Amino acid sequence: MNNKIYLSSPHMGGGELKYIHQAFEENWIAPLGPNVDNFEKDICQYTGASHAAALSSGTAAIHLALILLGVQAGDEVICPTFTFSATVNPIVYQGAVPVFIDSGYSTWNICVKETQRAIEDRIRKGKKPKALMIVHLYGQSAKMDELMELATHYDIPVIEDAAEALGAQYKGKMLGTFGKFGILSFNGNKIITTSGGGALLSHEEDLIKKARFLATQARDNAPHYQHSQIGYNYRLSNIAAGIGRGQMEVIAERVKQRRAHFEFYKTAFAGIPAISFSPELENTLGNRWLTCIVVDEKQSGGVTRETIRLALEKQNIEARPLWKPMHLQPIFANYPYYGSRQVAEDLFTRGLCLPSGSNLSTEDLAKIATSIKHLF
Ligand SMILES: *Cc1c(COP(=O)(O)O)cnc(C)c1O
């Protein structure tokens with residue numbers, strides 16, 4: 001167990017306990033409190049978002065964003081098929097319909113052309129999509145200029161799922177700050193963690209105020225408990241936010257470390273033409289949350305991503321196939337899908353995420369690279 005090399009494990013910065021001790025000394029274990037307020041400030045300062053609400057998870061943040069956009073039963077929401085299920089589940093919580101879009105090879109993220117085709121087709125069928133969800137998978141930016149232009153043209157609000165993309169940039173601007181809403185995750189395997197948590201970002205203060213209200217059981221302003229809306233229990237605790245404050249002190253360093261791991265793998269496999277890497281669009285800076293490789297079986301002499309995954313597993317090294325597309329998931333199979341090239345399916349079939357945690361040692365990295373090179 002202890003010798004196992006993980007895909008992406010928590011990496012504390014050292015400052016976290018200081019904030020947790022403060023909370024204990026003041027007995028500010030709950031509710032909310034100064035760590036939550038300051039964590040929100042730290043997030044805004046780092047990302048450039050005007051306002052942020054610290055929440056219990058990234059999934060909760062997506063759910064609140066949809067509620068605040070008025071997404072209801074029967075409404076349609078455009079989203080990429082190539083993502084983690086947490087992007088899609090909250091759409092279904094609302095009784096709404098996800099409309100899945102294939103990826104493009106230049107970003108691996110939602111394809112601009114297919115998105116336009118879907119929007120026009122849904123409008124033609126009598127239902128204009130209520131929201132456009134953009135995901136920056138593995139910390140690499142989607143084509144934001146083109147997508148924002150589409151969204152503006154059709155007047156569809158954008159939610160940016162930047163759960164995997166904290167610290168990644170598009171033309172010098174942090175991801176998660178382009179749309180009406182941005183969402184972040186601080187789950188255990190993300191680039192930084194609060195042991196579980198998330199955030200909702202927006203430039204509109206009233207939206208974030210409303211999110212905080214909904215996230216604390218939608219309690220009206222009265223001495224007794226009075227409710228005129230359905231509420232949720234979605235806030236982050238003052239203890240977890242203390243971890244978050246410590247983690248925000250090292251986020252810039254974490255991005256550098258993950259990018260350095262990516263460069264290490266790229267150099268290590270430079271002589272293996274069958275292995276290629278996830279892209280990075282011009283004028284963008286990925287956070288390289290996970291280093292992803294794609295295996296070309298025409299050049300690999302029979303080695304597949306499964307051969308590699310199993311060889312690593314034997315050495316107690318965790319590697320994982322890329323996300324299985326949502327339109328291929330049994331639970332989502334009956335929703336509309338727009339794609340003519342099967343890009344996400346192809347990436348899923350041939351792709352593998354390699355251990356990428358910022359706390360990997362030089363020895364760990366060398367061991368992983370050697371195991372893979374042995375196969376070729
Ligand atoms: C992790 C993740 C989420 C959900 O975040 P949680 O904090 O785990 O709820 C949403 N979308 C994507 C793309 C993710 O990777």
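These legends describe close-up views of a predicted model.

Local features need pLDDT of at least 70 and side-chain atom pairs count only at pLDDT 80 or more, while totals for chains, interfaces and linings use all residues. Residues are numbered from 1 along each chain as its sequence is written, and side-chain values use heavy atoms, with hydrogens and water left out.

**View 1. Domain 1 and domain 2.** The protein is divided into domain 1 (16-250) and domain 2 (252-375). These bounds come from an automatic or database domain assignment. The centres of the two domains, taken over C-alpha atoms, are 25 Å apart. Across the boundary, 48 residues of domain 1 are in contact with 40 residues of domain 2. Contact means heavy atoms within 4.5 Å.

**View 2. The largest nonpolar core, with F82.** A nonpolar core is a set of buried Ala, Val, Leu, Ile, Met, Phe, Trp, Tyr and Cys residues joined through side-chain atoms within 4.5 Å. Buried means under 20% relative accessible area, exposed over 50%, and partly exposed in between (1.4 Å probe, protein chains only). The largest core has 60 residues, and F82 and Y138 have the most contacts inside it. Its largest share, five residues, comes from helix α6 (residues 144-154). This core draws at least three residues from each of domain 1 and domain 2. F82 touches S103, W108, L137, Y138, L322, W323, A344 and L347, with residues up to four places away in sequence not counted. A second, separate core has 34 residues, among them A61, F181, I208 and A218.

**View 3. L147 in helix α6.** Helices (H or I, at least four residues) and strands (E, at least two) are DSSP runs, numbered from the N terminus. L147 is found in helix α6. Its relative accessible area is 0%, so L147 is buried. Setting aside residues up to four places away in sequence, L147 touches I110, V112, T115, L132, I134 and A142. L147 and I110 are 37 residues apart in sequence, and their C-alpha atoms are 9.0 Å apart in space.

**View 4. Helix α10 and its buried side.** Helix α10 covers residues 305-314, and R305, I308, R309 and L312 are buried. These four cover an arc of only 100° around the axis, which puts them on the same side of α10. The arc is that of the directions from the helix axis to the C-beta atoms. The buried residues of α10 pack against β12 (291-295), β13 (320-321), α11 (343-350), β15 (351-354) and α12 (362-374). T304 caps the N-terminal end of α10: a side-chain oxygen of T304 lies 3.2 Å from the backbone nitrogen of E306. After α10 comes N316, with a positive phi near 65°.

**View 5. The four-stranded open sheet.** The strand order is β10-β12-β15-β13, with antiparallel pairing. β10 (275-277) and β13 stand at the edges with a single partner strand each, so one side of each has no neighbour in the sheet. Two strands pair if DSSP finds at least two bridges between them. Three bridges join the antiparallel strands β10 and β12. I275 stands opposite V295 in β12.

**View 6. The three-stranded open sheet.** Here the order is β7-β6-β11, and the pairing is antiparallel. The edge strands are β7 (173-174) and β11 (284-285); each has a single partner strand, so one side of each is left without a neighbour in the sheet. Strand β6 (residues 169-170) pairs with β11 over two bridges, in the antiparallel sense. Q169 stands opposite L285 in β11.

**View 7. Strand β1 and its partner β9.** Strand β1 (residues 51-55) is mostly covered, with four of its five residues buried. β1 pairs with strand β9 (residues 198-202) in the antiparallel sense over five bridges. The bridge partner of A52 is L201 in β9. Strands of a sheet pair through backbone hydrogen bonds, either parallel or antiparallel.

**View 8. T177 in a loop.** T177 lies in the loop between β7 and β8 (181-185). With a relative accessible area of 3%, T177 is buried. The side chain of T177 reaches the backbone oxygen of M174 at 2.6 Å. Apart from neighbours within four places in sequence, T177 is in contact with T47, G48, A49, E160 and H203.

How values were computed
Polar contact = N/O pair within 3.5 Å; in protein donor to acceptor, adjacent residues only side chain to side chain.
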